Amino acid sequence: MLREKLFSEFYPSSKSEWESAVQKELKGKDFSSLNWDTGEGFELRPFYSFEDKMPINEIPLKSKPNGWEIRENIYVTEAKAANKKALSALKSGADSLNFIFKKITENDFFFVINGIFPKCRSVNFTSDVPNQIFIWFKKFVEENKINIKAFSGSFIFEAFENSVLNMETKLLVKNISYFSPHFRVITINSHKEKLITNQISTALLAGQEVLKNISAMKISADEAANLIQFSFPVSNNYFFEIAKIRAFRILWARVIKKFMPKRKSSVNAFVHSEIFQTNDAKNSATAEISGGGKKFIS
């Protein structure tokens, strides 16, 4: 009622009425002088109205709103310190962890992840030996009788070159299908691109090539889509960043549809965003809009 009363105080104005008012204030100056060059290859007008809205019918329908999780990166150099930092992060509000390491023993690995379940909703591992980590993690899950289907996560292979599926990646793709449908093994990273338009195009091109490669392994489009996650850098230009993710979701849905998935949810993108700060600290947030009607966020 209050909202209706508020808007009843203002009469609706057309786009032409707004332009006339602006032109009057400009006192003869060209209206286009107010346009903003975004640096992305297009200009923005000083204002937009409802009349400028273009109908987009390809946005995937969702039964629930998008969800987000806060991910903390845990750099593992010493097992005890890493486990302590992970538990502290979960206590402080993080609900997703990404363990990053180069070398680690099986015993140290078990120590690092001890006690994080069920507090951690999503667990991720970044290493150059993902299949070894997968074997250890599977053993840990089985020995501790963890219902892994209640969690999500990913195995991030640093040596993975976007569209090229090497033997290490192919092996991981096969292993994960028997483990859990909520873990992803292919991360398409657009962090090297500065322009938003290039970030989107790079991700789309690499994603399409990955789908082709996985399809050649006789894996369905639905399963293939569930193995992929996208990682984008995020700046403090929030409106552009929001538009970037929305535009990417629409375009990725078009790509997926070419592979004729059976599940409607397969067209939805799983997106991870990393916020870079001036002091080199990083905060991560991931939104997931995929997966058989049930939301899992990593």
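A crossing of two helices is called left-handed if the near helix is turned anticlockwise from the far one by less than a right angle, and right-handed if clockwise. Helices (H or I, at least four residues) and strands (E, at least two) are DSSP runs, numbered from the N terminus. With that in hand, let us walk through the model.

This is a predicted model, in which local features need pLDDT of at least 70 and side-chain atom pairs count only at pLDDT 80 or more, while totals for chains, interfaces and linings use all residues. Residues are numbered from 1 along each chain as its sequence is written, and side-chain values use heavy atoms, leaving out hydrogens and water.

Start with helix H5 (residues 130-143) and helix H6 (residues 167-177), whose axes come within 9 Å and cross at roughly 25°; axes here are lines fitted to C-alpha atoms, for helices over the stretch in contact, and angles run from 0 to 180 degrees between N-to-C directions. H5 is therefore roughly parallel to H6, a label for angles under 35 degrees. H5 passes H6 in a left-handed crossing. On the H5 side, Pro-130, Asn-131 and Phe-134 meet Glu-168, Leu-171, Leu-172, Asn-175 and Ile-176 of H6, where contact means heavy atoms within 4.5 Å. These residues divide into 5 nonpolar, 2 polar and 1 charged (Ala, Val, Leu, Ile, Met, Phe, Trp, Tyr, Cys and Pro count as nonpolar, Asp, Glu, Lys and Arg as charged, and the others, Gly among them, as polar).

Now turn to helix H3 (residues 79-91) and helix H4 (residues 106-113), which pack at about 20° with axes 7 Å apart. That angle makes H3 roughly parallel to H4. Here the crossing of H3 past H4 is right-handed. Ala-79, Lys-80, Ala-82 and Asn-83 of H3 meet Asp-108, Phe-111, Val-112 and Ile-113 of H4, a set of 5 nonpolar, 1 polar and 2 charged residues.

Next, find Phe-232 in strand S9 (residues 228-234). Phe-232 counts as buried because its relative accessibility is 0% (buried means under 20% relative accessible area, with a 1.4 Å probe and protein chains only). Leaving aside residues up to four places away in sequence, its contacts include His-191, Ile-200, Phe-248 and Val-271. The C-alpha atom of Ile-275, 43 residues away along the chain, is separated from that of Phe-232 by 8.9 Å.

Finally, a word on confidence. The protein chain averages a pLDDT of 83, and 84% of the residues score at least 70; pLDDT is the predictor's confidence in each residue, from 0 to 100. Over residues 288-298 pLDDT stays under 50, and the model has 52 contacts beyond four places in sequence for them. Where pLDDT is low, the predicted coordinates should not be read in detail.

Terms used: Parallel < 35°, antiparallel > 145°, perpendicular 65-115°, else oblique. Buried < 20%, exposed > 50% of the residue type's maximum accessible area, 1.4 Å probe, protein only.
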